[in-house]
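Please look through the sequence and the model before reading the briefing that follows, which is arranged by topic so that each point can be checked by eye.

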Amino acid sequence: MGKPGLWAAIGAGALAVLGALLLAGCGTVGYLVQSVHGHLSLVQQARPVEQWLADANTPQHLRERLALSQRIRRFAVDELALPDTRSYRSYADLGRPAAVWNVVAVPELSLTLQTWCFPVVGCVGYRGYYDRKEAEAFAQTLRAQGMDVRVYGVPAYSTLGRLEWLGGDPLLNTFIGYPEGELARLIFHELAHHVVYVRDDTSFNESFATAVERLGVQRWLQHHASAAAKEEYERFDARRRDFLALTLRYRERLAAVYAGPGREEDKRRGKAEVLAAMRAEHAQLKAGPWEGFAGYDRWFEEANGASLAVLAAYTEWVPGFERLFEAQGRSFARFYEAVRELAQQPRDERRRVLMSSMISDQEPAR
């Protein structure tokens, strides 16, 4: 199976589909029907991992990956204090490359994501479809309104532990073949969504889960991974850090263009220049330190305002959460309790606390 690309990293944890899954009364009837049918179909295809391991017809490579997933899952519970739910105890081969396809959109000259609101989960900045054609059709309606739109495949999504009666979230063919460190990251991220979830605050939820995955994979690699797995992860993570640093710079440049004076046509010209410069710098990275790595090619080819806007949801508050983890003595249990308490605060207060942590972390020692 192929290695994960960008959307594996930022797509893990996609929750848009849950609004229709958990309660009726939002969006169109068609969206509700495809969401319910899609998730039930996914669950019905899943079989317990034990059955796959006992089946003589299970390919050896899949057998090894499933066994690895169970070791990672046990580590998540025992060492990272993540919930011991029914999730990731079963496996399904969906026969497709993504669990769902997400649609994200922003106004032509804005980096503010369009949101859709659902019961239980609140408002989120993406909308998920189990059929790519349906996702593309919905995306086209947004493009017709003049919006920047991006459609991307998501390897996994979390049901927040609220559908345990259906068996929880299964392992899927869409990610089981990931390199060891990436597989661990994804499982840690998804289970983190079972710890805390705040309505109407995608950045808080995703940044928290991203912080947990980063902190967790460090411990996994240190104590359980082979030298080859560590080396593989370090190469992949170095490129990911380069990618995030590059896109953050150009997101800030694009935001400055939008916020600056001038006519709309001037801002459109400035937008085109920023995106062209970003693609040129990616080409330099690819030809240089990335040694020809092509995993981000498609992202840069299709990049627009929506592409840059959705990245922030997964990384905006990660440094603040990592600082909070340190303040809790690097104890995951105490960290989760502190995050739960923070989640009870008003949105502005949550952001103030996380921002103050990030600022204090950047201040030079006196």
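**Briefing on selected residues**

In this predicted model, the side chain of S203 makes a polar contact, at 3.1 Å, with the side chain of E316.

**Around S203**
- S203 belongs to helix α8, which covers residues 202-223.
- With a relative accessible area of 11%, S203 counts as buried, because that value lies under the 20% cut-off.
- Once neighbours within four places in sequence are left aside, the residues in contact with S203 are A312, A313, E316, W317 and R351.

**Helix α14**
- Helix α14 has 12 residues (332-343), and at 1.5 Å a residue it should span 16 Å, which agrees with the 16 Å between its end C-alpha atoms.
- The buried residues of α14 are F332, F335, Y336, A338, V339, L342 and A343.
- Seen down the axis of α14, these buried residues fall within an arc of 160 degrees, so they line one face of the helix.
- An α-helix has 3.6 residues a turn, so residues three or four places apart point the same way.

**Aromatic rings and charges**
- The model has 23 aromatic pairs, and one of them is the edge-to-face pair of W299 and F300, with 4.9 Å from centre to centre and 80 degrees between the planes.
- W299 and F300 are both buried.
- One aromatic cluster is formed by F204, F208, F321, F325, F332, F335 and Y336.
- The charged end of R350 sits over the ring of F204, 5.4 Å from its centre, while the charged end of R239 sits over the ring of F293, 3.8 Å from its centre.

Terms used:
Residues numbered from 1 in each chain as written. Predicted model: local features only at pLDDT ≥ 70, side-chain atom pairs only at ≥ 80, totals over all residues. Heavy atoms only, no water. Helix = DSSP H or I, 4+ residues; strand = E, 2+ residues; numbered from the N terminus. Expected span 1.5 Å × (residues − 1). Buried < 20%, exposed > 50% of the residue type's maximum accessible area, 1.4 Å probe, protein only. Arc of directions from axis to C-beta. Phe/Tyr/Trp six-rings, centres within 6.5 Å; stacked < 30°, edge-to-face > 60°. Lys NZ or Arg CZ within 6 Å of the ring centre and 35° of its normal. Polar contact = N/O pair within 3.5 Å; in protein donor to acceptor, adjacent residues only side chain to side chain. Contact = heavy atoms within 4.5 Å.
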